[in-house]
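Let me put the model up and walk you through it.

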Amino acid sequence: MAVHQPTRSRISRPWRRHQARSTSHTAESSASTTVEKNFAAVRLIVGGVFLWAFFDKLFGWGYATPSGKGWIDGGSPTKGFLSGVATGPFESTFHSWARAVWADWLFMLGLLGIGTALAAGVALRLTAVAGTVLMGLMWAAEWPPARYLSDGSPSMSTNPVLDYHLVYAVVLIALAVASAGRTWGLGRTWERFPFVSRNRWLQ
């Protein structure tokens, strides 16, 4: 009596299915890792932007802040920007804030805090809120919807709504939602602290 041996194709099908699932899982894991690294890279770059602005205004490195005009030299981090506001419904308000001690301190602490948190990858939710408020105020100071300045000259605004301040705000929110501090950062360690785990808004 002939004995029928299972064909190789039938034996190999379960193994092939397992291999396909394994390959698919590996591809998904690799894609997820790539996305996490991309978010982490964006986080570090944006953090560098805020930290550069802080140190340039603190020491007067000769870029946005002239040499010898840094905060450490007695200059005001807010004077140049706020006193230069030339349009919008809050023009006089921003002028009154220029060179105010409280405005200088809040502005500089905001730059330092946001930049440090992004670089370290901690407290990204709180950072997103603080950064969005700061960017919103700077957006209001430049007032992109205006076509003309107070003196009647063109404002040179390129978009009435979506300027770079709002782009930064959206990026900060996206980094917080994506928990971008867990990759190349201290996000996972930060989240394990008891006071942070009990207060999720600090994550």
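So, how exposed is W52, going by its relative accessible area? W52 is partly exposed, because its relative accessible area is 44%. By that I mean between the two cut-offs: buried is under 20% relative accessible area and exposed is over 50%, with a 1.4 Å probe and protein chains only.

Quick housekeeping before I go on. This is a predicted model, so local features need pLDDT of at least 70, side-chain atom pairs count only at pLDDT 80 or more, and totals for chains, interfaces and linings use all residues. Residues are numbered from 1 along each chain as its sequence is written, and side-chain values use heavy atoms, with hydrogens and water left out.

Now the overview. The protein chain has 8 helices and 0 strands. Helices here are DSSP runs of H or I with at least four residues, strands are runs of E with at least two, and numbering starts from the N terminus. Of the 203 residues in the chain, 32% are buried. The chain exposes about 13000 Å², and carbon and sulfur atoms supply 64% of that. Those areas come from the Shrake-Rupley method with a 1.4 Å probe, and for residues only the protein chains shown count as cover. As for contacts, meaning heavy atoms within 4.5 Å, take the ones with a separation of 6 or more: 61% of them are between residues 24 or more positions apart.

Back to W52. This residue sits in helix α1. Leaving aside neighbours within four places in sequence, W52 is in contact with W61 and Y63. W52 and G115 are 63 residues apart in sequence, yet their C-alpha atoms are 8.5 Å apart. W52 also belongs to a nonpolar surface patch of about 670 Å², together with F55, F59, W61, Y63 and I72. To count for a patch, a residue needs over 30% relative accessible area and no salt bridge; like charges are joined within 9 Å, and nonpolar side chains (Val, Leu, Ile, Met, Phe, Trp, Tyr) within 5 Å. Y63 is in the loop between α1 (8-59) and α2 (79-83), and Y63 counts as exposed because its relative accessibility is 62%.

Let's go inside. Which residues have the most contacts inside the largest nonpolar core? They are F50, L111, L118, L134, M135 and L172, in a core of 19 residues. A core here is a set of buried Ala, Val, Leu, Ile, Met, Phe, Trp, Tyr and Cys residues joined through side-chain atoms within 4.5 Å. Two or more residues each come from α1, α4 (101-120), α5 (124-142) and α6 (164-177). L134 touches F50, F107, L111 and I114, not counting residues up to four places away in sequence. Apart from that core lies another, of 7 residues, including L82, V85, F94 and W139.

The expected span is 1.5 Å times one less than the number of residues. Buried residues of α4 include D104, F107, L111, G115 and L118. After α4 comes G121, with a positive phi near 80°. For α5, 19 residues should give 27 Å, and the end C-alpha atoms are 26 Å apart, which agrees. Among the buried residues of α5 are L124, G131, L134, M138 and W139.

Then there's W143, which follows α5. Its phi is positive, near 45°, and W143 is not a glycine. W143 is in the loop between α5 and α6, and is partly exposed at 22%. S179, in the loop between α6 and α7 (187-192), also isn't a glycine and has a positive phi of about 50°.

Last stop: how many salt bridges does the structure hold? There is 1, between the side chains of R182 and E191, at 3.1 Å, N to O. The cut-off is a side-chain nitrogen of Lys or Arg within 4 Å of a carboxyl oxygen of Asp or Glu. R182 counts as partly exposed because its relative accessible area is 35%.
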